[in-house]
Amino acid sequence: MTVSVPLGARAGGPDLARGIALLGIALANLVGWLHGSAWTALLKQQDASAADRVVDVLLALLVDNRGFPLFALLFGYGIGILRRRSLERGERTGRFLRRMLRRFAVLLAIGLAHAILLFSGDILVGYAVIGMLCALLMTRGRVVLAAAAIVTLPALGVWGWVDGTVGLGGGSGYAAASAADYLAGVGIRAPDALHGLLLAPIEEIGLLSPMALGALMARGALLEDVPAHRRRLGRLARWGLAIGLVGAVPLTAVLVLDPAHARLDVEVVLGILGVLHQVSGLAGAVGLAAGAALLAARWGPRPAARAPGADGGLASATATATPTDTPTATAAAPPPAGARDPLGAAVRAVEALGAVSLSAYLAQSVLCLLLFPPYTLDLGAPLGSAGAAALVLAGWLLMLPPAVLLRRSGRRGPMEHVLRALAGSSTPRTPRTPRTPRTADAHRARGGTR
């Protein structure tokens, strides 16, 4: 059994980025629930209303092919943190890989259940399979990891090619989205899930590019040790977000100007625009992750101090408050920046949601299953992008308060508990602070820690 990081010692930047990525993935996954209208580029509806097309444009510029590379990059970053902590403990490589195999086997089982029972566009199966490969390459050194990120980048572009040319195929929605009843939907999703599992090492290999890139970033604690990397993070945020936005414009223009492909129906041209959209999305994901790290450091800093350590400026990820941290001592510390600022509260809420990203990801699928199929509220056909996006956004916002409550109580999400229990992880208990006399000074000290 391995010892995991207490919630209070988690870095804010990656969790904030995960919380943002959750919304992006939910919005991008709407294409898996809407049905009845012919597809155009990026699996959008050809006959969209003006309001729907406005939302389509925003999603094409900011979300599509940006949310899942960000999530994959953060997934790889998490693997990098686990490897870094393993090296700090002096753990042998074989033991680390066995732990990762067990962890990803559990995640694979959760992903299969999700793909069969809830949503045919599951990402967890691919993350589990390619994540194990990323963990293996992580033990082979920086050069091998960097080479893997470059070599598999064209495979990531293949998905962009499909997104650019999908409107030429005449599709009008996923089969499971219009299934007559739940069991019929399961009957459609189950073979697809098993097929996807068998072909995951080939079909999902494009995920290795952002994962390996995230693992490389974790080697230097790029998203955690913000003071040491502030300038670099600033450059990555500016250039990454700019490249991501500019690279999305050409295919978005096709979506607006010629959604029925009446004038532009050349597969090669549309495919190239799709590849550009996809690859630039990886740059946008890097920029957003860097920006999230800067935001978290500004408005949601960690309560526990981090001392320089063996990893080049970042304290061990297992560090907790020392036993000498008494209420009187912490009362003298200044409150976190933005402690009473609404923007700071919002940043910390999204960060809390990112800490329970697995539970939130599955909860979003449950919500969509209740809203869109014909056998529930049947909103998948009458609603377009605007109405569906509003519902998904509302669901994401409603998850923020429970996530904050879980964070304040020191609890993890339900699926995080399942994953950790089956994968053999534990969290050390923080020693209780000795009780202090009920004096006026002690009362003020307790109030100062809030």
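Helices here are DSSP runs of H or I with at least four residues, numbered from the N terminus. Welcome to a predicted model, in which local features need pLDDT of at least 70, side-chain atom pairs count only at pLDDT 80 or more, and totals for chains, interfaces and linings use all residues. Residues are numbered from 1 along each chain as its sequence is written, and side-chain values use heavy atoms, leaving out hydrogens and water.

| Helix | Residues |
|---|---|
| α1 | 12-28 |
| α4 | 93-117 |
| α5 | 124-138 |

Let's start with a helix pair. The axes of α4 and α5 are 7 Å apart, at an angle of about 170°; axes are lines fitted to C-alpha atoms over the stretch in contact, and angles run from 0 to 180 degrees between N-to-C directions. The two helices are therefore roughly antiparallel, a term for angles over 145 degrees. Among the residues that meet are F96 and F104 in α4, and V125 and M132 in α5, where contact means heavy atoms within 4.5 Å.

On the surface, W161, V266, V268, V269 and I272 make a nonpolar patch with about 400 Å² of accessible area together. Such patches join nonpolar side chains (Val, Leu, Ile, Met, Phe, Trp, Tyr) within 5 Å, from residues with over 30% relative accessible area and no salt bridge; areas come from the Shrake-Rupley method with a 1.4 Å probe, only the protein chains shown counting as cover for residues. Helix α11 (residues 267-299) gives the most to this patch, with 3 residues.

Finally, the structure holds 9 salt bridges, each a side-chain nitrogen of Lys or Arg within 4 Å of a carboxyl oxygen of Asp or Glu. One of them links R18 with D15, at 2.9 Å between the closest N and O atoms.

Methods:
Angles under 35 degrees count as roughly parallel, over 145 as roughly antiparallel, 65 to 115 as roughly perpendicular and the rest as oblique. Patches are made of residues with over 30% relative accessible area and no salt bridge: like charges are joined within 9 Å, nonpolar side chains (Val, Leu, Ile, Met, Phe, Trp, Tyr) within 5 Å.
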